[in-house]
Amino acid sequence: MPLQYLLTGSTGGLGSQILSHFLTLLPKNNFAASSSNPSNSERFTSQGIQFRTVNYDDPATLETAFADVENLLFVSTNTFDVERRRRQHWNVVDVARRVGVKHIWYTSLAFGGFDSHSKASVQQAHLMTEEMLRGSGVTYTSIREGVYTDAFPVFMNWYPSTTTLYLPSSTRDGKIAFTLRSELAEATAKLMIQGGHEDQIVLLTAKETITFGEIVGIINETTGREVVLEFVDPETYVRVCAETDEGGKKEGFFRQLVGWYEGIGKGELETTDGLMGRVLGREPVGARRAVRELLEGVKGGEYVWHQNYAK
C-alpha cells in the first residue's frame, strides 16, 4: 500500500515540528517519520508512528525507505561541507527518481527570494539541489524558508554577555524577513497536505523586515542592556570575532558569514510573500514581536541559540 508522506529530519529542529503538525492534521497511517539512526525507531513506534531509516550517506537505506512513497519531505542537511552535502542531496534525488517517488518537497532557504543568483555560500547548496530536482523529472516543490528568527543570535554573534557587537559594514542597512521556525514548520506541513505548487519555487516568510541595528535596539529595550553595534571592514570582523568568540567557533566560520552579510546588504533576505499567511490562515509573527518574546521568555533575557556554540 502506498505511503502518502515520508518525513525526513524527524529528530531535527524543523523536521520534528513538522511531524508534530502532521500528527494533528492526519491519521498516523498516512505518514512515516525517519531518522538516520535506526535506534531512534522506538521513540516513534511507541507512539504508533511508522518509522523508516533514512541515511543520506547510504543509498541502500534510501531505496528501502522511499519505496511506495508518494510525497517525500526532503529536509536539507546542515553540514557546512558543500561537497558532502552535494553527495547527500544527489543520493536523495537520484534514489527518489529511481524508485518512483511522486513529489519531493524540499526545504530550501530564502537567500535571494525568488531569484536564483545569490552568491552566499549557504544558498549555493540549495541552488545546486534545486537544479538536481529540475533535472530529475520528479515533481518537486522547493520551499524557500525564511531564516529563523529564533537564530538571530548566530546571525549577529550575540550572547547574553555581549556588550559590543561587530558586523561587516556591508550589512549596515540590510533588512531581513526573519520568520519563526515553529510557524515555518506549521506552514510547511499544511502546504504539503494542501498539495499543488508542482515544479515551483515557493517562499515562506513573515511579512515584516528588520535590520540588525533595530534588533540591537529591541535587545536593549527589552533587557535593559546597553549593547553597542559597530560596523567594521570584513577582515576586522573575522579577526575580532575569531579571537573573542565565547562559543568557540573558528575563523573559517566567520569568514564564511562574510558572504552572507554581503547578500543581506544587497537585500537578499528582504523579499517577503503572502503565501505563508494564506497557508496558516493568519499573519506570521513579525520579527520585532518575536525577538522581544524570545528575550522575555527566559530569565534576564539570557536567550541563546545552539548554533552559536561550536560542537
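1. This note concerns a predicted model. At 23% relative accessibility, His197 counts as partly exposed, because the partly exposed class lies between under 20% for buried and over 50% for exposed. The residue sits in the loop that joins H7 to strand E8 (200–204). Although His197 is not a glycine, its phi is positive, at about 60 degrees.

2. A positive phi also occurs at Asp68, another residue other than glycine, where the angle is near 70 degrees. Asp68 belongs to the loop between helix H3 (59–66) and strand E4 (69–75). Its relative accessible area is 39%, so Asp68 is partly exposed.

3. Tyr148 deserves a separate remark. It is placed in the loop between strand E6 (139–145) and helix H6 (152–156). With a relative accessibility of 22%, Tyr148 counts as partly exposed. Neighbours within four places in sequence left aside, the residues in contact with Tyr148 are Leu14, Phe178, Thr179, Arg181, Leu184 and Trp305. Gly196 lies 48 residues from Tyr148 in sequence, and the C-alpha to C-alpha distance between the two is 25 Å.

4. Is Pro38 buried or exposed? Pro38 counts as exposed, because its relative accessibility is 51% and the exposed class begins over 50%. The loop that holds Pro38 runs between strand E2 (31–35) and helix H2 (41–45). When neighbours within four places in sequence are left aside, Pro38 is in contact with Phe51 and Thr53. Between Pro38 and Ile201 there are 163 residues of separation in sequence and 32 Å in space, taken from C-alpha to C-alpha.

5. On the overall division, the protein is split into two parts: domain 1 (3–145 + 180–204) and domain 2 (150–175 + 208–271 + 282–300). The contact between them draws 16 residues from domain 1 and 13 residues from domain 2. Their C-alpha centres are 28 Å apart.

6. The largest nonpolar core has 50 residues, and those touching the most other members are Leu6, Leu7, Phe22, Phe31, Phe66, Leu72 and Ile104. Helix H7 (residues 181–194) gives the largest share of this core, with 6 residues.

7. Leu6 may be taken as an example from the largest nonpolar core. Which residues does Leu6 contact, leaving aside its neighbours within four places in sequence? Among them are Ala32, Ala33, Ser34, Arg52, Val54 and Ala65. The contacts of Leu6 also include Phe66, Val69, Asn71, Leu72 and Leu73. Of these partners, Phe66 and Leu72 are themselves named with Leu6 among the core residues that touch the most other members.

8. The last point is the second largest pocket, which holds about 220 Å³ of space. It is lined by 14 residues, and the closest to its centre are Asn157, Thr162, Thr164, Tyr166 and Thr244. Strand E7 (164–168) and helix H9 (234–244) each contribute at least two residues to this lining. By type, the lining of the second largest pocket consists of 6 nonpolar, 6 polar and 2 charged residues.

Key
Residues numbered from 1 in each chain as written. Predicted model: local features only at pLDDT ≥ 70, side-chain atom pairs only at ≥ 80, totals over all residues. Heavy atoms only, no water. 1 Å grid on protein atoms, 1.4 Å probe; cavity = no way out; pocket = protein on both sides within 12 Å on 5 of 7 lines; lining within 4 Å. Points joined across faces, edges and corners; volume = space filled by probe spheres on them. Helix = DSSP H or I, 4+ residues; strand = E, 2+ residues; numbered from the N terminus. Nonpolar A, V, L, I, M, F, W, Y, C, P; charged D, E, K, R; others polar. Core = buried A, V, L, I, M, F, W, Y, C linked by side-chain atoms within 4.5 Å. Buried < 20%, exposed > 50% of the residue type's maximum accessible area, 1.4 Å probe, protein only. Contact = heavy atoms within 4.5 Å. Domains from an automatic or database assignment.
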